[in-house]
Amino acid sequence: MKKKNKRIRKSKDYQIVLDFLINNANQAFNYKQISAKLTELSQKDIELIIQLLFRDGKIEQKDRGKYFYRQSSNEVTGILDFSQGGRAYLVSDQLDQDIKLKSGDTRDAFNGDEVQVKISFPHKATKARAVVTRVIKRAKETFVGTVSRTANACFVIADHSKVHTDFYIPLEKSMNAKEGGKVLVKFRDWPSGAKNPYGSIIEVFGQAGSNVAEMHAIVAEYGFDVRFDPTVEKTASELSPGITKEEVSKRLDFRQTTTFTIDPVDAKDFDDAISFKQLSDDRFEIGVHIADVSHYVQE
């Protein structure tokens, strides 16, 4: 039973129930009322989690069978803003001015995360102290970085200057990425007491410095997919490269004129071309062309 309870405490379900009570702070619920809101969880699991939360001192009991999270007046929410130098500030509408956090008080939060903090005034201190108590919502969960390997460890050094720590990658989660590889890492966990957050490499772009790797890294850094959806790929493969007589009649036909693409061999599209025609002994026509790719794009 102890092992089961330990596993539940580390589960997402445990955090989901706690988050619900925190987001409805100072309101009391029984397990049936919570179950009606959190339909993805079973009543049995919710009832057990509530008992564990109460036993852990995270929630209080108002009436028999009804529990609530007590939010005190010294708890505020806001956005964590890291500087390039690693300093962190809490930006909150609930505060007159931003509060600077000490490096050890940011817990497992990253730049841009929405967090809850506890405000206190240490003895003889002239400024308030803010300590992150939980991350409400993460700004992002994937990060671009460069692999750094040792004999028996793998780390990813984030490219973004506001990510203040390296990611520890278990070897079985490293996708065999090489030293100096440009990769996309997914944040997994930041265990209490651990110096570095844990991550998994989910995409290897190539070696840092190569054009393809850097291009894909930039795309991924801003949250875009570096690969097309299978549906898009399938649709593209079904497009006919031919052109109808009706369509030809609407255009200038250069098929009998020497015309060649100027895009490199590894280009993703071939839409730029130059044509050459001799009009007389001393007159030549040079054509600069760009393909009408919209012809192949359907609504």
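This is a predicted model: local features need pLDDT of at least 70, side-chain atom pairs count only at pLDDT 80 or more; totals for chains, interfaces and linings use all residues.
As background, the strands of a sheet pair through backbone hydrogen bonds, and the pairing can be parallel or antiparallel.

The pair belongs to an open sheet of three strands, arranged in the order β13-β14-β15 with antiparallel pairing. Its edge strands are β13 (258–261) and β15 (283–290), and each of these pairs on one side only. From one strand to the next, the twist averages 20°.

Other strands can be followed in the same way. Strand β8 (residues 142–149) pairs with strand β11 (residues 181–189) in the antiparallel sense, over five bridges. Here Thr146 stands opposite Lys182, which lies in β11. Strand β11 is also joined to strand β12 (residues 198–207), by eight bridges, and β11 and β12 run antiparallel. Within β12, Gly199 is the bridge partner of Phe187.

Helix α2 (residues 12–23) and helix α4 (residues 43–55) have axes that come within 10 Å and cross at roughly 70°. This angle makes α2 roughly perpendicular to α4, because angles of 65 to 115 degrees count as roughly perpendicular. Which residues meet where α2 and α4 are in contact? On the α2 side they are Asp13, Tyr14, Val17, Leu18 and Leu21, and on the α4 side Ile46, Ile49, Ile50, Leu52 and Leu53. Sorted by type, the residues of this contact are nine nonpolar, no polar and one charged.

Now step back to the whole chain. The protein has seven helices and 15 strands. Its radius of gyration is 29 Å, well over the 19 Å that the globule rule gives for 299 residues, so the protein is more spread out than a compact globule. Taken along the principal axes, the box filled by the C-alpha atoms is roughly 100 × 45 × 45 Å.

Two further values describe the protein as a whole. Of its 299 residues, 31% count as buried. Among contacts between residues at least 6 apart in sequence, 49% join residues that are at least 24 apart.

Technical notes. Residues are numbered from 1 along each chain as its sequence is written. Side-chain values use heavy atoms; hydrogens and water are left out. Axes are lines fitted to C-alpha atoms, for helices over the stretch in contact, and angles run from 0 to 180 degrees between N-to-C directions. Helices (H or I, at least four residues) and strands (E, at least two) are DSSP runs, numbered from the N terminus. Angles under 35 degrees count as roughly parallel, over 145 as roughly antiparallel, 65 to 115 as roughly perpendicular and the rest as oblique. Contact means heavy atoms within 4.5 Å. Ala, Val, Leu, Ile, Met, Phe, Trp, Tyr, Cys and Pro count as nonpolar, Asp, Glu, Lys and Arg as charged, and the others, Gly among them, as polar. Two strands pair if DSSP finds at least two bridges between them. The radius of gyration is taken over C-alpha atoms; the globule rule is 2.2 Å times the number of residues to the power 0.38. Buried means under 20% relative accessible area, exposed over 50%, partly exposed in between (1.4 Å probe, protein chains only).
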